[in-house]
Amino acid sequence: MSESVRPSGTYRTLAEQREVLTPAEERFEKARQTIGLFLGPIVFIVMYLAPLPLEPNQQTLAAILSFTIVYWLSEAIPIPATAVLALALCVVLNVPGVGVNADDSPGDIVYGAFGSDTIFLFIGAFIIAQAMITHGLDRRFAFRILSIPGVSRSTYGVIVAFGFIAAAISAFISNTATAAMLLPIGLGMMGALGGFVKEQSGTERDISRLRFGTALMLMISYGAGVGGLLTPIGTPPNLIGIGFIEEETDTTITFFSWVVAAFPVCLLMFVALCVILILLNRPEVRRLSGAEEYVAEQRRSLGPLSRGERNTLIAFATAVFLWMLPGFVALVLGEESRLYSLILSRLDEGTVAILAAALLFILPVDWSERRFTLNWNEAVRIDWGTIILFGSGIVLGTLLSDTGLAEVMGTGIAEALGFSSLLAISAVSALIAILISETTSNTASATIVVPIVIPIAAAAGVNPVIPALCAVFGASFGFMMPVSTPQNAVVYGSGLIPITKMVRSGIAFDVIGLILIVLLIPVMARLVGFV
């Protein structure tokens with residue numbers, strides 16, 4: 001696999017990128033970063049001092065978030081550096097929820113959020129991905145997918161095939177785990193086909209800056225996001241929303257009824273996703289002449305599985321099985337069974353990822369020489385910047401909820417736009433959930449928005465189930481920023497996605513998704529008897 005598509009250069013400075021940028025791109029990047037460098041502090045000061053109708057510490061957090069978003073969008077400094085700088089500001093300015101307990105310092109509470117199991121999911125999954133790259137298993141997977149008849153004939157086929165695989169897998173395991181397992185395969189795909197695309201298009205761009213690579217990586221993340229909506233266990237906001245709806249209304253939502261209601265929504269979203277990503281990130285070429293012959297030749301040259309590949313497959317299969325196990329148990333025994341509760345509490349996704357990754361240091365490649373599947377020097381090559389980035393996102397999301405700023409944002413938007421009809425309430429519910437999910441996790445978005453929507457809808461004399469469902473679906477539409485969802489952060493770690501392209505594609509898909517949610521959820525909810 002080409003070194004140029006490995007995730008080692010995710011957060012490169014302008015100086016590091018200069019050799020792969022055109023003069024026009026270099027001028028744009030220099031202007032974007034320079035403007036952002038000075039605009040960020042200005043935005044912070046304005047937000048901090050402006051007479052806003054917020055509690056003092058809510059306004060402080062709003063100022064920090066505004067500064068952070070400007071720096072993330074402009075990449076004035078490396079994105080992970082901005083993330084930890086934002087946390088340091090939260091400690092220095094003692095944002096509410098920080099330092100409330102006299103036994104804990106502000107720093108202990110803020111940085112303690114890095115103990116989240118999601119962080120360990122990242123670490124474990126990235127180590128497994130590193131083992132795939134080290135032993136060439138990513139290339140083997142990539143060529144196996146490419147050998148499916150018709151797929152490797154066009155860049156469009158490759159992109160759509162990856163999206164379908166991501167959507168299908170994420171219906172039963174987490175979106176994050178899906179993106180983490182497909183990332184090395186996608187990188188292998190770029191290593192295999194990037195040269196063909198560059199040569200046949202006649203572009204001078206570096207392989208890591210091809211639009212084909214951007215579309216492929218975004219398809220992995222967005223496909224996982226769409227597929228996660230298909231089942232109640234596909235993503236946490238689904239179960240959170242179902243719990244709130246069943247607790248606050250007389251509606252019972254079964255696994256089967258959810259799938260029936262969600263299927264047409266997910267199908268149309270996936271179609272829209274394929275169209276939008278290809279239109280906005282149109283690959284340099286469509287047809288790939290000679291790719292099929294190349295794929296067949298490369299598959300033959302790979303030979304049989306090596307010991308390292310087999311061991312990596314064992315670790316990979318162990319992780320996939322344990323990630324899927326709670327879902328299978330829920331299907332067979334129900335979510336109220338003791339076995340399901342036990343497995344869910346003991347085998348969270350982060351723990352599973354660490355257990356599977358640990359196998360790589362235990363399974364030998366050559367016992368006589370005490371060589372194992374992965375050594376520590378190989379393991380530490382994982383993308384620690386992305387781990388820091390998402391950990392910081394978790395902290396900021398928690399502070400949004402703890403300070404009440406997220407609730408203020410939600411109710412303020414709702415009051416400004418007004419509530420009167422079912423359509424208006426549903427649209428604003430989905431919109432608020434989407435906007436909040438862009439600045440915090442989709443789980444936090446569902447936790448914040450659904451409890452707000454239900455009483456507002458009931459007070460307006462509208463059945464709250466449909467607006468609540470719209471909010472649940474909207475909460476999974478965090479597509480603009482690397483920290484909006486874990487899978488965004490995972491694929492951003494590939495180094496193939498300029499943040500401006502992620503924002504542009506994310507905005508387009510957010511808008512299309514909002515329209516589909518508002519139009520289809522009321523129809524399907526009535527069809528399956530939710531209302």
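Q: Which residue forms a salt bridge with arginine 371?
A: Glutamate 369 does, and the closest N and O atoms of the two are 3.0 Å apart. A salt bridge here is a side-chain nitrogen of Lys or Arg within 4 Å of a carboxyl oxygen of Asp or Glu.

Q: What kind of model is this, and how are residues numbered?
A: It is a predicted model, where local features need pLDDT of at least 70 and side-chain atom pairs pLDDT 80 or more, while totals for chains, interfaces and linings use all residues. Numbering runs from 1 along each chain as its sequence is written, and side-chain values use heavy atoms, leaving out hydrogens and water.

Q: What's the spacing between arginine 32 and glutamate 29?
A: Their closest N and O atoms are 2.4 Å apart, and they form a salt bridge. Both sit in helix H2 (residues 23-49), and because they are three residues apart there, about one helical turn separates them. Helices (H or I, at least four residues) and strands (E, at least two) are DSSP runs numbered from the N terminus.

Q: What about arginine 140, which residue does it pair with?
A: Arginine 140 forms a salt bridge with glutamate 309, with the closest N and O atoms 2.9 Å apart. This pair links distant parts of the chain: arginine 140 is in helix H7 (residues 137-146) and glutamate 309 in helix H14, 169 residues apart. Both residues are buried.

Q: Where is valine 332, then?
A: Valine 332 also lies in helix H14. At 68% relative accessibility, valine 332 counts as exposed.

Q: Zooming out, how many helices and strands does the chain have?
A: The protein chain has 24 helices and two strands. Its C-alpha trace spans about 65 × 55 × 50 Å along the principal axes.

Q: How much of the chain is buried?
A: Of its 531 residues, 56% count as buried.

Conventions:
Buried means under 20% relative accessible area, exposed over 50%, partly exposed in between (1.4 Å probe, protein chains only).
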